[in-house]
Amino acid sequence: MTKDVAGEKGSFSGKDYQDPPPEPLFDATELGKWSFYRALIAEFIATLLFLYVTVMTVIGYKNQTDPTLNPDQCAGVGVLGIAWAFGGMIFILVYCTAGISGGHINPAVTFGLFLARKVTLVRAVMYMVAQCLGAICGVALVKSFQSSYYTRYGGGANGLSHGYSIGTGVAAEIIGTFVLVYTVFSATDPKRSARDSHVPVLAPLPIGFAVFIVHLATIPITGTGINPARSLGAAIIYNKDQAWDHHWIFWVGPFAGAALAAFYHQFVLRAGAVKALGSFRSQSHV
């Protein structure tokens, strides 16, 4: 599609861009392709590495600031360092896997892209399974390497912090995931890439920064989920009551936030509803 714009001193042609067609709801042919299974392996390994590094960072920080072991409460990486670990790993892993699986590494991101018809139902479900299994294995590695500290310091499990209501926790997860998934849509939008091609943007960078910023805001509230696989993996391996008390928050919040981000980007910013209505009207007049 070429967009010609006329100006007072002449005209110029806009950049070409092509929106990919919507993915079918169900495509069984994917199950017979090696590229599909390669993508599942990439999602599994990426989520495993993500949980290994980030949960190890959390456990290490809590050990370094344990008042019974170290009176210096400023030791360790701090909350800022934990946020950098999460955001930095997402940047690295999305960069590494984007060309293979799309670099989702998060069931909420996969869910949002499925609602926008960017992936099929088969791929969405299998991605989520691979991500959850990868998260479980990643946290299991942390426990095996840090067995003396893992249980003592909470296993990196998410939970609603004391003094915050359930409503606040759910809202924090919804808004945090909205920021993340909205950033994913914006950073990978083909129209934006064509329009702003003179301003090169490496898509994994804003996505990683979104994760970093959201962690700074919500670590004090929920420990920051915004990724159901991350929350599930830590809860299963830690497997204490406090990890399961409000675990539903870390599924309902991220999935609701992802759905809102998909709707906002596709039907408000990209005017998907208007385009669909216009297409329907043009067909009705034929």
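The following dialogue reads selected features of a predicted model.

Biologist: Which secondary-structure elements does the protein contain, and in what pattern do they follow along the sequence?

Modeller: The model is predicted, and the protein in it has 12 helices and two strands. Of the 286 residues, 44% count as buried. Among contacts with a separation of 6 or more, 77% join residues 24 or more positions apart.

Biologist: How many residues does the largest nonpolar core have, and which of them have the most contacts inside it?

Modeller: As a general idea, nonpolar side chains in soluble globular proteins tend to be buried together. Here the largest nonpolar core has 45 residues, and Phe50 and Leu180 have the most contacts inside it. At least two residues of this core come from each of helix 1 (34–64), helix 2, helix 3, helix 4 (121–145), helix 6 (166–187), helix 8 (204–222), helix 9 and helix 11. Helix 1 supplies the largest share, seven residues. Another core, of six residues, lies apart from this one and includes Phe36, Leu40, Val122 and Tyr127.

Biologist: Which residues is phenylalanine 50 in contact with, leaving aside its neighbours within four places in sequence?

Modeller: Phenylalanine 50 is in contact with Phe86, Met89, Ile90, Leu93, Ile105 and Asn227.

Biologist: How is the length of a helix to be read, and what does helix 2 show?

Modeller: The distance between the end C-alpha atoms is set against the span expected at 1.5 Å a residue. Helix 2 has 20 residues and reaches 29 Å, close to the expected 28 Å. For helix 11, the 21 residues should span 30 Å, and the end C-alpha atoms are 28 Å apart, which agrees.

Biologist: At what angle do helix 3 and helix 11 pack, and which residues make the contact?

Modeller: Helix 3 (residues 107–115) and helix 11 (residues 249–269) pack at about 35°, with their axes 8 Å apart. Their crossing is right-handed. Helix 3 contributes Pro107, Ala108, Phe111, Gly112 and Leu115, while helix 11 contributes Pro254, Phe255, Ala258, Ala259 and Ala262. By class, the contact has nine nonpolar residues, one polar residue and no charged residues.

Biologist: Is glutamate 173 buried or exposed, and which residues does it touch?

Modeller: The reading rests on relative accessible area, where buried means under 20%. Glutamate 173, in helix 6, has a relative accessible area of 0% and is therefore buried. Not counting residues up to four places away in sequence, glutamate 173 touches Thr222, Thr224, Gly225, Ile226, Ile249, Phe250, Gly253 and Pro254. Among these, Ile249, Phe250, Gly253 and Pro254 are buried residues of helix 11. The C-alpha atoms of glutamate 173 and threonine 222 are separated by 8.0 Å, although the two residues are 49 residues apart along the chain.

Biologist: What is the phi of isoleucine 105, and where is this residue found?

Modeller: Isoleucine 105 has a phi near 60°, a positive value in a residue other than glycine. Isoleucine 105 is found in the loop between helix 2 (78–97) and helix 3, and it counts as buried because its relative accessibility is 0%. Asparagine 239 also is not a glycine and has a positive phi, of about 55°. Asparagine 239 is placed in the loop between helix 9 (228–238) and helix 10 (241–244).

How values were computed: Residues numbered from 1 in each chain as written. Predicted model: local features only at pLDDT ≥ 70, side-chain atom pairs only at ≥ 80, totals over all residues. Heavy atoms only, no water. Axes fitted to C-alpha atoms, helices over the stretch in contact; angles between N-to-C directions. Helix = DSSP H or I, 4+ residues; strand = E, 2+ residues; numbered from the N terminus. Left-handed = near helix turned anticlockwise from the far one by under 90°. Contact = heavy atoms within 4.5 Å. Nonpolar A, V, L, I, M, F, W, Y, C, P; charged D, E, K, R; others polar. Buried < 20%, exposed > 50% of the residue type's maximum accessible area, 1.4 Å probe, protein only. Core = buried A, V, L, I, M, F, W, Y, C linked by side-chain atoms within 4.5 Å. Expected span 1.5 Å × (residues − 1).
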